[in-house]
Amino acid sequence: MDRASVEAALAITPAGEHRLAWSRDGRALQVIPTTAWLTDQRYALVIGTSARTAAGALLGAPVRFSFTTQTAPRIEEFSARFVAEPADDAKALQAAGDAAFVTAPDLTSQVSAQTAIRITFNAPMNQGEVEAGFLLSPAVPGIFSWAGSTVTFTPIERLAPDARYAVSLSGAHDLDGNPLAGDTSFSFTTRAAAQLVQSAPAAGATRVRDTEVVLWFSQPVDPDAVGGALRVRDRTTGKTLTGTIVWNAPATQLRFTPTRAFAAGHRFDVSLAEGAVDADGNAVAASLTFTTRAAARPAIAGPAPSATLVGYALNQVNAARAAYGLKPLVYDTAIEVVALAHAWDQVNYNYFGHTGRDGSSHEDRLRAAGLGFGWNGENLCMNNNSGRTPTQTLDWCQAQFMSEPYPGVANHIGNILGTHYTRVGIGIAIKGAKMIVVWDFTD
């Protein structure tokens, strides 16, 4: 190949610093990264048609290659087992040979130097980097010990009782030179009971793509009690999710996989009900909330033309529903009468809202017209801009509605794309520069 033209035509995505090395005969090209490729990353290499052979012939078509790099090293398990100093009477029992004695949490005055922080990785690590990057705050001196891919940090001094500590790792790589990824920081309070030290998704996380909930506890828990007390609730719909629970061997990590994937754009609450206890019988608490990433929105075709504004507005609604795979709504003239009356009442008496001048709701108005329904909803839009035509106003209203969070509950887009609805009536009132539109939806 003509080396200069190939190198000029070569593109790598995502971009990164690299060097090129050719074989002597110019038939083989090596792309060598200056630093390691990113882990968990798909790369695409393209050689464009401007590349030439040594004889000057152009490539007939672009040449494409792709590859995915190996998984990044991650922390698989984290635990901080707190060994309490036994009370004097408990020591006497132990000295007497009672092998079953247990130190009661309420007798604890200090945390023993035997307390250990244990971290297990999913790949062999550079032990020196792990130890150098390990940070315990507040700082306490200690010693490291390794067993395969598990490192244990044992403090030389006692940790303070009922105090909060933070553990983090930075700058650590596996033996292949890949940087540590995922959760690398944890926090805990020195108490006898097990506690939640980390979760995935993290508490308060947004745009989440995770397919499961992972809870990390500071020490072993009772898996049956904690699993039975786990509640994962979809706050958007109000439903509690079902799913499967898997524990690691030491019972410090719970993985909950929902029966159905987490709905896009929904908010979820994770908590432990009463009855969750650790391996020693101490109560365990956990509570967090996360929001999943909203689903990609499909392209919506423009509404079919109509000879009337009401027809155009109906076509807008049904074009949006078609884009989301929903059945079109049937136009109901009886509902239109209700919507139109409310639209003109607002225009004539200079107000704007779902509540009528007589205090009526849209449900009241539908019932007063003799209409039966189960599900119902109402959208309103007003324009005072004399620069917009009525059709432009409908376009503007629809754009505002469809830009709202979806899936939505009790919002405009939630009405337009409501799966419960089968009928709609639309009222449009125009007086001078003012235009008010009312959409009433029912099943």
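Residues are numbered from 1 along each chain as its sequence is written, and side-chain values use heavy atoms, with hydrogens and water left out. Because the model is predicted, local features need pLDDT of at least 70 and side-chain atom pairs count only at pLDDT 80 or more, while totals for chains, interfaces and linings use all residues.

The largest nonpolar core holds 26 residues. A nonpolar core is a set of buried Ala, Val, Leu, Ile, Met, Phe, Trp, Tyr and Cys residues joined through side-chain atoms within 4.5 Å; buried means under 20% relative accessible area, exposed over 50%, and partly exposed in between (1.4 Å probe, protein chains only). Within this core, the members that touch the most others are Phe78, Ile119, Phe121, Leu136 and Phe188. At least two core residues come from each of β6 (75-81), β7 (116-121), β8 (134-137), β10 (150-155), β11 (164-169), β12 (185-189), β13 (196-200) and β14 (213-217). Strands (E, at least two residues) and helices (H or I, at least four) are DSSP runs numbered from the N terminus. With residues up to four places away in sequence not counted, Phe78 is in contact (heavy atoms within 4.5 Å) with Ile117, Arg118, Ile119, Val167, Phe186, Phe188, Val197, Trp216 and Phe217. A second, separate core has 23 residues, among them Cys381, Ile413, Ile416 and Leu417.

The end C-alpha atoms of helix α8 are 18 Å apart, in agreement with the 18 Å that its 13 residues should span at 1.5 Å a residue; the expected span is 1.5 Å times one less than the number of residues. Buried residues in α8 are Thr393, Leu394, Cys397, Gln398, Phe401 and Met402. These residues cover an arc of only 160 degrees around the axis and so lie on the same side of α8, the arc being that of the directions from the helix axis to the C-beta atoms. The packing partners of the buried α8 residues are α5 (309-323), β22, α9 and β24 (434-442).

Asn411 is placed in the loop between α8 (390-402) and α9 (412-416) and is buried, with a relative accessible area of 17%. A polar atom of the Asn411 side chain lies 2.9 Å from the backbone nitrogen of Gly414. Apart from residues up to four places away in sequence, Asn411 touches Asn379, Glu404 and Pro405.

Six salt bridges are counted, each defined by a side-chain nitrogen of Lys or Arg within 4 Å of a carboxyl oxygen of Asp or Glu. One of them joins Arg233 and Asp269 (3.7 Å, N to O). Arg233 belongs to strand β15 (residues 230-234) and Asp269 to strand β19 (residues 267-272), so this pair ties together parts 36 residues apart in sequence. Arg233 is partly exposed at 34% relative accessible area, whereas Asp269 is buried at 16%. A further salt bridge links Arg423 and Asp332 (3.0 Å, N to O). Arg423 lies in strand β23 (residues 423-431) and Asp332 in the loop between β21 (330-331) and α6 (333-349), so parts 91 residues apart in sequence are tied together. Asp332 is buried, with 15% relative accessibility. In the salt bridge between Glu378 and Arg365, the closest N and O atoms are 3.3 Å apart. Glu378 is in strand β22 (residues 376-383) and Arg365 in helix α7 (residues 362-368), 13 residues apart. Glu378 is buried at 6% relative accessible area, and Arg365 is buried at 14%.

Note on methods:
Polar contact = N/O pair within 3.5 Å; in protein donor to acceptor, adjacent residues only side chain to side chain.
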